[in-house]
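I opened this entry to keep track of what I looked up, in the order I looked it up.

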Amino acid sequence: MKNRRWRVAVLPGDGVGPELMKASLPVLERAADLFGIRIDTDIGEAGLECIGKYKTNLPEKTAKLLRSSDCVLKGPMTTPEGKDSEVSAAVKIRKMFRLYANVRPCKSIDGIDSIGKGTDLVIVRENTEGLYSGIDAMVSDNMAIGFRIITRKASRDIGTYALSLAMKRKRHLTIVHKANILKNTDNLFKGEILSAAKKYPMVRVDEAHVDAMSQWLIKNPGSYDVIVTENMFGDILSDEAAMIVGGIGTCPSANIGKSFAMFEPVHGSAPKYAGMDKVNPIATILSIKMMLDWMGFGDAAKAVEKAVQYSIYRKIKTYDIGGNSKTSEVGRFIERELKRH
Ligand code: IPM
Ligand code: MG
C-alpha cells in the first residue's frame, strides 16, 4: 500500500486559484520526495473559464481525468449566480463521486490573531443533499421553491463518519439542526445520528439549534470537538468557524467518499485579487496536508503542518493574517522548511 503510485488530479480553478496552486504544488512535490511517496499529478481544466470554452464548468475530459485518479486537489472556482446558470463544479464533483462527508477543521494557529485562541474543532458537513440538492425551481411567475432533501442513509452515513472521527479526537459530538422548525427533515437527520451513536457509547453526544450555535461558536469555541450538521448549515457555520480562528485564508477542507476524495480550500476564488500574488496559500497547503493524511501518510501531513506553523512564527505571512509576504513567498518558504522530523 505504502509503495503504490498515487494519481492526483489537480484543478487549479479560476480567480486566485492558479496562483495558489502554483505556490502550493511544490509543497506536495517536496513532501512526496522527502517521505518517498509516489505521486503523479495531472492538471485539469474546470471552473468559470470553461463555460465560455466548453459550455460547461466540468468538461468531459476533466471528468474522465477525475475518474482515472485517486483523488483531486481543487482550487477555488467562481460559481455563476443566474437563475438558470451552471451548477457549481464542486457540487457536481461531490455528487458524481458521492463525497458525502465535507470535513472542515478549524484550528487556531499560534501567531495568528483571532478571537478563538486554543480552538480545535472540526465541522463535518453532510455534502450531498439538504437544500443544496439543487431541486430548486420557479413554479409560477410569483413563486419559487427549493426542496430540502434529507434521507435516512445520508444522515446515518454522515453521523457514522462524525462519530468515528470523534473517537479519534476528544470523543465529543455536537449535532447541529433546527428540528423545532424543520420538523420532519431535521428530526430524521438527528434521529439517525442519535441511533448511530448507540454503537459509540464512548462518545459524548449533545445537540444545538443552528441559530444558537452561531453565537455559541463565537462565545465558546473551545468547548466543541466535532460538529455534525446538514449541508447548508455546515456551509454557513464553517465560514463562521474559520473567522473565529483568524480568517478563511487558512482553512482547508476534505470531501470524503468511499473510494475517492477531493481536497480544497474553504474560501472562494476572490477574482478581485487574481494575479496580484497576494492571497494566502495556507488553506490550499493545509488541504494538501489533509490529502496526505487521507492517503495514510500521517508523518508527511504533520511535517506540512509544522512548516506552515513555522512560516507564521517567522512572520512570513500574507496580508490577511497581518503580514506583507506574497503568495509565492509563503509557498516557497513552506516548501523549503519542510523537514523529516
Ligand atoms: C463551499 C462553497 C461551496 C459550497 C459553493 C461554492 C458550491 O461555499 O465549499 O463552502 O456551498 O459548498
Ligand atoms: Mg462555503
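**Ligand 1 and its contacts**

I started at the ligand, bearing in mind that the model is predicted. I looked up the side chain of Arg94 and found one of its N or O atoms 2.5 Å from an oxygen atom of ligand 1. I then checked Arg125, where an N or O atom of the side chain is 2.8 Å from a ligand oxygen. Asp235 gave 2.8 Å as well, again between a side-chain N or O atom and an oxygen of ligand 1. For the ligand as a whole I noted 310 Å² exposed when it is taken alone, of which the protein buries 74%.

Which residues surround ligand 1? I listed Thr79, Ser88, Val91, Arg94, Arg104, Arg125, Tyr132 and Asp235.

**Helix H4**

What caps the N-terminal end of H4? I found Ser88 there, with a side-chain oxygen 3.2 Å from the backbone nitrogen of Ala90.

I placed Glu264 in strand S12, residues 261-265. Is Glu264 buried or exposed? I put it down as buried, because its relative accessibility is 3% and the cut-off for buried is under 20%.

**Positive phi values**

I looked next at what follows H4 and came to Arg98, with a positive phi near 45°. I flagged the residue, as it is not a glycine. Arg98 sits in the loop between H4 and strand S4 (101-107). I recorded Arg98 as partly exposed, because its relative accessibility is 30%.

I flagged Lys315 too: it is not a glycine, yet its phi is positive, about 65°. I located Lys315 in the loop that runs between helix H10 (298-313) and helix H11 (327-337).

**A nonpolar surface patch**

I turned to the surface and noted a nonpolar patch formed by Ile135, Val139, Met143, Ile145 and Phe147. Together these residues have about 430 Å² of accessible area. I picked out Ile145, which lies in strand S7, residues 143-146. I logged Ile145 as partly exposed, because its relative accessibility is 32%.

**The chain as a whole**

I left the overall figures for last. How many helices and strands does the protein chain have? I noted 11 helices and 12 strands. The radius of gyration is 20 Å, close to the 20 Å that the globule rule gives for 341 residues, so I wrote the chain down as being as compact as a globular protein of that length. I took the box filled by the C-alpha atoms along the principal axes and noted roughly 55 × 50 × 40 Å. Buried residues make up 54% of the 341 residues.

Note on methods. Residues numbered from 1 in each chain as written. Chains lettered and ligands numbered in written order. Predicted model: local features only at pLDDT ≥ 70, side-chain atom pairs only at ≥ 80, totals over all residues. Heavy atoms only, no water. Patch = residues over 30% accessible without salt bridge, like charges linked within 9 Å, V, L, I, M, F, W, Y side chains within 5 Å. Areas by Shrake-Rupley, 256 points an atom, 1.4 Å probe, with all protein chains shown as cover. Salt bridge = Lys/Arg side-chain N within 4 Å of Asp/Glu carboxyl O. Helix = DSSP H or I, 4+ residues; strand = E, 2+ residues; numbered from the N terminus. Buried < 20%, exposed > 50% of the residue type's maximum accessible area, 1.4 Å probe, protein only. Near = heavy atom within 4 Å. Polar contact = N/O pair within 3.5 Å; in protein donor to acceptor, adjacent residues only side chain to side chain. Rg over C-alpha atoms; globule rule 2.2 N^0.38 Å.
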